[in-house]
Amino acid sequence: MNDFVNQFWNWYVILLVLASIIACGVLLWTQSQPPPAKLDTTGHVWDETLEEYNNPLPKWWMWLFYITVIFSLVYSFLYPTLGSFQGILGWSSSGQWAREMAKFDEQTKPLYAKYMQTDLKALAADNVGMETGKRLYLTYCVQCHGADAKGSKGFPNLADNDWLWGGEPAQIVETIAAGRNGVMPPHAQLGAETIKDLANYVRSLSGLPADSLRASKGQEAFNSAGCSGCHGPDGKGMQALGAPNLTDKIWLYGSSEATISETITKGRNNQMPAWKEFLGDEKVHLLAAYVLSLGQAAGGK
Ligand code: HEC
Ligand code: HEC
């Protein structure tokens, strides 16, 4: 491929490269003339008697330099070095990545096929498999769920036993393969006072300090405003909808009254991307086992 719009730059580069290499050769030649009979010094003297001689380099060293000059000239003609000249050998790196990836996939296929046949729970206990699972995690999941998988605001912690969408093997596979969309509708229509009552009630559910009068009004609103339809009458959540358990100390967005009020007022819309198309069933399977192993390491079922 010729990237130069105009041949001028092509020749400019070619001439510059060749001229530099040849200049190196000429410099070497001028410096390799036999030493004069009389001692030649640069005229620098230190410590009264220490003089700097101006002798040529030793012959063997000189020849090493000549060899590099010859090598670079030969190389420049064999490989794409000079401007847009392709080189006599026609070597090219285009398609190399795709070829190497295809070869790699071919090599790892049997391994993934073996993992695919292993039950998810058994795979989660397989140290070698989990090394690969971890590498996949660090490549594809780390930017949202964090290097320690503990998540951050809006991105759930995967290294615990609390699940928005369920922690059974099949549920985790489904989450990763097809993605999830957590939708909490906005409830601004309830008005600021009721929302404040609800926020106090939600805080009281997990034992956080709350205004008890507001919390009891909030409890009524929780049922009448339809919160219980998704979060359950006892606020313990509903995995089919990805509605979080509000009675634990685990928060996706935060436990302050202000954050809870914001969640209720504006709602939330949160997307876990789907990976089946991009990664394929085998990698999804391995990642699901890895996520499962994280939960187990946290002391789960
Ligand atoms: C672009 C950001 C993003 C990336 C990348 C991402 N996730 Fe997620 N993930 C999310 C969000 C956001 C949620 C929460 C969805 C919700 O609120 O319902 C989530 C939820 C999950 C859940 C459900 C947790 C639960 O409590 O039920 C699992 C499991 C999960 N992700 C695994 C992964 C794996 C494995 C990868 C890598 C293949 C990955 N995620 C990559 C954003 C991401
Ligand atoms: C249609 C179902 C639905 C309804 C109705 C609903 N929620 Fe939610 N709620 C959700 C979902 C789903 C999420 C998680 C959103 C996400 O994944 O980002 C959520 C998140 C929350 C959170 C954030 C929890 C955290 O860990 O940060 C709070 C608080 C909350 N809801 C309270 C309420 C209250 C109070 C009501 C009633 C006014 C209500 N919800 C009504 C589905 C619902």
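His145 (NE2) and Met272 (SD) coordinate the iron atom of ligand 1, at 2.0 to 2.1 Å. Donors here are N, O and S atoms within 2.8 Å of the metal (3.2 Å for Na, K and Ca); water is not among the atoms, so sites may look incomplete. The pair links distant parts of the chain: His145 sits in helix 6 and Met272 in strand 4, 127 residues apart. Helices (H or I, at least four residues) and strands (E, at least two) are DSSP runs, numbered from the N terminus.

The model is predicted: local features need pLDDT of at least 70, side-chain atom pairs count only at pLDDT 80 or more, and totals for chains, interfaces and linings use all residues. Residues are numbered from 1 along each chain as its sequence is written, chains are lettered from A and ligands numbered from 1 in the order in which they are written, and side-chain values use heavy atoms, with hydrogens and water left out.

Why is the arrangement around the iron atom of ligand 1 octahedral? Its six donor atoms subtend angles of 88 to 179 degrees, which makes it so. Six donors count as octahedral if opposite donors are over 155 degrees apart and all others between 65 and 115. Ideal angles for six octahedral donors are 90 or 180 degrees. His145 is buried, at 10% relative accessibility. Buried means under 20% relative accessible area, exposed over 50%, partly exposed in between (1.4 Å probe, protein chains only).

Now the shell. Ligand 1 is surrounded by 24 residues, and the closest are Cys141, Cys144, His145, Leu164 and Met272. A residue is near a molecule if one of its heavy atoms lies within 4 Å of it. The shell divides into 16 nonpolar residues, seven polar and one charged. Ala, Val, Leu, Ile, Met, Phe, Trp, Tyr, Cys and Pro count as nonpolar, Asp, Glu, Lys and Arg as charged, and the others, Gly among them, as polar. Helix 6 (142-145), helix 7 (169-178), strand 4 (268-272) and helix 12 (276-297) each supply at least two shell residues.

Oxygen atoms of ligand 1 also meet polar atoms of the protein. A backbone N or O atom of Leu164 lies 2.7 Å from one. A side-chain N or O atom of Trp165 is 2.8 Å from an oxygen atom of ligand 1. For Asn270, a polar side-chain atom lies at 3.0 Å from such an oxygen atom.

The UniProt record, an unreviewed entry, places the feature "binding site" at Cys141, Cys144, His145 and Met272. Such annotations may be inferred rather than shown by experiment. These positions spread over 132 residues of sequence, yet they cluster in space: the largest C-alpha distance is 10.4 Å. Cys141 lies in the loop between helix 5 (127-140) and helix 6. Cys141 is buried, at 13% relative accessibility.

Next, ligand 2. Its iron atom has Met184 (SD) and His231 (NE2) as protein donors, 2.0 to 2.1 Å away. Met184 lies in strand 3 (residues 180-184) and His231 in helix 10 (residues 227-231), so the pair ties together parts 47 residues apart in sequence. Met184 is partly exposed, with a relative accessible area of 22%, whereas His231 is buried, at 11%.

Last, the backbone. Most residues other than glycine have a negative phi. Glu48 has a positive phi of about 70 degrees, and Ala149 a positive phi of about 65 degrees. Glu48 is exposed, at 76% relative accessibility. Ala149 is buried, at 2%.

Conventions
Polar contact = N/O pair within 3.5 Å; in protein donor to acceptor, adjacent residues only side chain to side chain. Tetrahedral: all angles 85-135°; square planar, octahedral: opposite > 155°, others 65-115°.
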